[in-house]
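I opened my notebook to look up a few things in a structure that was new to me.

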Amino acid sequence: MAANYWSSSQHTHWLLTDEKLKARNPDDRSYLSEEEIVQANIFFSDVFKCLGSTIHLPQRVIATGNVYFKRFYLRNSFVDFDPRLIAATCLYMACKVEECVTHVRVFERAMNQVIGHFPYTMENILECEYVILEEMDFYLILFHPYNLLYTYLVDNNLYHDCMETAWSLLNDSYRTDIPLCYPPHVIAVACILMAAHRKERDIKMWL
């Protein structure tokens, strides 16, 4: 396990360029436009949010599962792997990696609640876990911006004015490709800048 972001697989293997993003979901491109692929990813980001709320998971776990999902479909396609099963499995894996262990049967029940009909069993989720592990080259550790965001806000007396807005912006960033393209400290600073602008706080001295 890497001691910091700069020596992690997230930085050395999974920091992506626009060219790599445009090559994702290769087999779906005969059926879906780039905009439709983006919309599908946003939809499943919302599924992760609903699943996390249903199971009462920490935001960090939801974010990790969401990134796993995005990574998986860089090499694979919706037409080959049902995103409903991949989403449930990614969140189950995220719980284990983030030390928030939850029984796999909980995810089967939660998916039925969130999407209406989930045609898979806990055995399918357990089998799918190995497929996702291989597709991600067994790189599972993620560094998120949440702790950095909190630290930066507290250190610069912005916590009370900007925390809620910055946190919301950070959560929304996981509906996009931002976590795949930028280091966590850059994302944290960007969220603070936008939050400070909305709250009309002058942070030029901090920058």
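**Entry 1: a loop residue**

I started at Glu-99, which sits in the loop between α5 and α6. A note on labels: helices (H or I, at least four residues) and strands (E, at least two) are DSSP runs, numbered from the N terminus. What I have is a predicted model, where local features need pLDDT of at least 70 and side-chain atom pairs count only at pLDDT 80 or more, while totals for chains, interfaces and linings use all residues. Residues are numbered from 1 along each chain as its sequence is written, and side-chain values use heavy atoms, with hydrogens and water left out.

Why did I stop at Glu-99? I wanted its backbone angle: phi is near 55 degrees, a positive value in a residue other than glycine. I also looked up its accessibility, and at 73% relative accessibility Glu-99 counts as exposed. For the record, buried means under 20% relative accessible area, exposed over 50%, and partly exposed in between (1.4 Å probe, protein chains only).

Phe-138 also turned up with a positive phi, near 65 degrees, and it is not a glycine either. I found Phe-138 in the loop between α7 (122-135) and α8 (146-155). With a relative accessible area of 55%, Phe-138 is exposed.

**Entry 2**

Next I looked at helix packing. Two packed helices are described by the angle between their axes and the distance between the axes. The axes are lines fitted to C-alpha atoms, for helices over the stretch in contact, and angles run from 0 to 180 degrees between N-to-C directions.

Helix α3 (residues 34-55) packs with helix α4 (residues 59-75) at an angle of about 150 degrees, and their axes are 10 Å apart. That makes α3 roughly antiparallel to α4. I wrote down the cut-offs: under 35 degrees counts as roughly parallel, over 145 as roughly antiparallel, 65 to 115 as roughly perpendicular, and the rest as oblique.

Which residues make the contact? On the α3 side I listed Asn-41, Phe-44, Ser-45, Phe-48, Lys-49 and Gly-52, and on the α4 side Ile-62, Gly-65, Asn-66, Phe-69 and Lys-70. Contact here means heavy atoms within 4.5 Å.

Ile-62 is buried, with a relative accessible area of 8%. Leaving aside neighbours within four places in sequence, Ile-62 is in contact with Phe-48, Lys-49, Gly-52, Leu-57 and Leu-91. I also checked Ile-62 against Glu-98: they are 36 residues apart along the chain, and their C-alpha atoms are separated by 9.9 Å.

**Entry 3: α3 against α5**

The axes of α3 and α5 come within 11 Å and cross at roughly 45 degrees. The two helices are therefore oblique to each other.

Here Phe-44, Phe-48, Leu-51 and Gly-52 in α3 meet Pro-83, Arg-84, Ala-87, Cys-90 and Leu-91 in α5.

**Entry 4: salt bridges**

How many salt bridges are there in the whole structure? My search finds nine. The rule is a side-chain nitrogen of Lys or Arg within 4 Å of a carboxyl oxygen of Asp or Glu.

I started with Glu-98 and Arg-60, whose closest N and O atoms are 2.8 Å apart. Glu-98 lies in the loop between α5 (83-97) and α6 (104-115) and Arg-60 in helix α4, so this pair ties together parts that are 38 residues apart in sequence. Glu-98 counts as buried at 18% relative accessibility, and Arg-60 as partly exposed at 31%.

Then I looked at Asp-161 and Arg-201, with closest N and O atoms 2.4 Å apart. Asp-161 is in helix α9 (residues 159-173) and Arg-201 in the segment after α11 (184-198), so the pair ties together parts 40 residues apart in sequence. Asp-161 is partly exposed at 39% relative accessible area, and Arg-201 is partly exposed at 29%.

Some salt bridges share partners, and these join Arg-24, Arg-29, Glu-34 and Asp-177 into one network. Within it I checked the side chains of Arg-29 and Glu-34, which meet at 2.8 Å, N to O. Arg-29 counts as partly exposed at 30% relative accessibility, and Glu-34 as partly exposed at 31%.
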